[in-house]
Amino acid sequence: MTNYQRVLDAELAKLTAAKVRPRLLLHACCAPCSSYTLEYLAAYFDITVLFYNPNIAPAAEYDFRAAELARYIAEAPCGAGVKLRVEPYDPAPFFEMAKGLEDLPECGERCKKCYRLRLRETARIAAAEGFDYFCTTLSISPHKDAGALNAIGGELAACGVPYLFSDFKKKGGYARSIVLSHEYGLYRQNYCGCVYSKRAAEKREAEHEQHSGLS
């Protein structure tokens, strides 16, 4: 199994030795997942954060997560010089992609197709606008399949822009994101974003409350 943190370490060492600062288009799903990732990468790249998440529902949730991401970038030292691009809310591509997969469990095929949907658009923009790398913050979550994310990113590098292989949960990245979330008072959502993950989260909470009442 590939250790993507070691792959990233090697790439960052090459950039440091070459004394270059490439442009990175970093897809972000929310402020908490971006917190450590930006803190880590800001020393090596000129970063544009892309908030493109057609899976998120409802529209108010989309807008609030985007606003929290903007606030973190504005307030955190690592956000200095970081640009934010928020795409208009349009859930249609997600629901089209999810047809027939609505009842699959989280972390299954629907989620992998959602990874691809968001990374494909990131790769397209990166190629169209001359970025040197593209990447996503998604691998910081212990609920996301870093192997699948990196495999998809590697395939999409055929667009002409290299994917920055990574697993941001490593080296204490996920734990650090929790610390930063508390430090900046960031909204930490209890579901990934889509209506299906929200439904699953509500079911878990209901079962937890039921079991608590029986204990």
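This talk goes through a sheet, a helix, some aromatic rings and one serine.

First, the ground rules. The model is predicted, with local features requiring pLDDT of at least 70 and side-chain atom pairs pLDDT 80 or more, while totals for chains, interfaces and linings use all residues. Residues are numbered from 1 along each chain as its sequence is written, and side-chain values use heavy atoms, with hydrogens and water left out.

I start with the sheet. It is open and has 4 strands in the order β3-β2-β1-β4, with parallel pairing; strands are DSSP runs of E of at least two residues, helices are runs of H or I of at least four, and both are numbered from the N terminus. Two strands pair if DSSP finds at least two bridges between them. At the edges stand β3 (83-86) and β4, each with a single partner strand, so one side of each has no neighbour in the sheet. From one strand to the next, the twist averages 25°, with axes being lines fitted to C-alpha atoms, for helices over the stretch in contact, and angles running from 0 to 180 degrees between N-to-C directions.

Strand β1 (residues 23-27) runs parallel to β2 (residues 46-51), and 5 bridges join them. How many residues of β1 are buried? The count is 4 of the 5, so β1 is largely enclosed by the rest of the structure. Buried means under 20% relative accessible area, exposed over 50%, and partly exposed in between, using a 1.4 Å probe and protein chains only.

Next, helix α6, residues 146-156. Its buried residues are Ala146, Ala148, Leu149, Asn150, Ile152, Gly153 and Leu156. They pack against α1 (4-18), α5 (109-128) and β4 (133-136), where contact means heavy atoms within 4.5 Å. At the start of α6, a side-chain oxygen of Asp145 comes within 3.0 Å of the backbone nitrogen of Gly147.

Now the aromatics. Rings of Phe, Tyr and Trp (its six-membered ring) pair if their centres lie within 6.5 Å; planes under 30 degrees apart are stacked, over 60 edge-to-face, and the rest tilted. That rule gives 12 aromatic pairs. One of them is Phe94 with Phe95, edge-to-face, at 5.5 Å centre to centre and 70° between the planes. Phe94 counts as buried because its relative accessibility is 1%, whereas Phe95, at 33%, counts as partly exposed. Phe94 also pairs with Tyr196, this time tilted, at 6.1 Å centre to centre and 40° between the planes. That pair links distant parts of the chain, with Phe94 in α4 (residues 92-97) and Tyr196 in α8 (residues 195-214), 102 residues apart. Tyr196 is buried, as is Phe94.

Elsewhere, Tyr4, Phe134, Tyr163 and Phe165 make up one aromatic cluster. The charged end of Arg23 sits over the ring of Phe131, 4.0 Å from its centre; the rule asks for NZ of Lys or CZ of Arg within 6 Å of the ring centre and within 35 degrees of the ring normal.

Last, Ser197, which is in helix α8. Is Ser197 buried or exposed? Its relative accessibility is 1%, so Ser197 counts as buried. What does the side chain of Ser197 reach at 2.9 Å? That is the backbone oxygen of Cys194. A polar atom of the Ser197 side chain also lies 3.1 Å from the backbone nitrogen of Gly193. A polar contact is a pair of N or O atoms within 3.5 Å; within protein, one must be able to donate a hydrogen and the other to accept it, and residues adjacent in sequence count only if both atoms are side-chain atoms. Leaving aside neighbours within four places in sequence, Ser197 is in contact with Glu106, Tyr191 and Cys192.
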